[in-house]
Amino acid sequence: MFPVNCYVLWDETNEAVVIDPGCYYEEEKAQLKGFITDFNLQVKHLLNTHLHLDHIFGNPFMLKEFGLKAEANQADEFWIEEAPKQSRMFGFQLKEQPVPLGRYLHDGDIVNFGHTRLECIHVPGHSPGSLVFHCAPEHCIFSGDVLFQGSIGRADLAGGNFDELIEHICSRLFVLPNETIVYPGHGAPTTIGIEKVENPFFR
């Protein structure tokens, strides 16, 4: 429906997390389930960087197949109720009703799976509850729609704030090492160092 980067992270224990399952079509759901099954992964957490429609399509599927409710920031929770109306605005109906969150994540919280730790970094502006997941040992972040290659997330939807987004990217993300890989919610990966120098929003 909308191209979204869904990430499956795991380590040598085979414990895993799924970030932003944007799978709308049955083929996409089957592909995600097949990947998890083929690699014999035990999914411990379902994480949403934020709760805009395209990032939560697969949440009911993950609950049904793996018994997992999503974990996200409470400030975005209103988007769950807005999802059916948002889908109609885009000219389609949701196949499954959104499901409530299972756990609230806050700035500084740690998500553990296997031997891996993800730190939650609150970066509002694209949405009020946008979270970035930072894996320091692997020198990478999963930025959702906060920061892209050569761009930033839109700030004109409910709860968005352009100045806040710019401020928090600078104060929360651009302080990370330059070699930190940025895995965004849409498009190709980049690095913190590249975006500090080349992203036109920060020149």
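Modeller: A cavity is a set of points, on a 1 Å grid over the protein atoms alone, where a 1.4 Å probe fits but cannot get out, and its lining residues have an atom within 4 Å of a point. The model is predicted, so local features need pLDDT of at least 70 and side-chain atom pairs pLDDT 80 or more, while totals for chains, interfaces and linings use all residues. Residues are numbered from 1 along each chain as its sequence is written, and side-chain values use heavy atoms, without hydrogens or water.

Colleague: What makes up the lining of the second largest cavity?

Modeller: The second largest cavity is lined by Ile56, Asn59, Pro60, Ile80, Pro98 and Val99. This lining divides into 5 nonpolar residues, 1 polar and no charged, where Ala, Val, Leu, Ile, Met, Phe, Trp, Tyr, Cys and Pro count as nonpolar, Asp, Glu, Lys and Arg as charged, and the others, Gly among them, as polar.

Colleague: Which residues line the largest cavity?

Modeller: Among them are Cys23, Tyr24, Lys29, Ile56 and Pro60, and the whole lining divides into 9 nonpolar, no polar and 3 charged residues.

Colleague: Why is Cys140 called buried?

Modeller: Buried means under 20% relative accessible area (1.4 Å probe, protein chains only), exposed over 50% and partly exposed in between; Cys140, at 8% relative accessibility, therefore counts as buried.

Note on methods: 1 Å grid on protein atoms, 1.4 Å probe; cavity = no way out; pocket = protein on both sides within 12 Å on 5 of 7 lines; lining within 4 Å.
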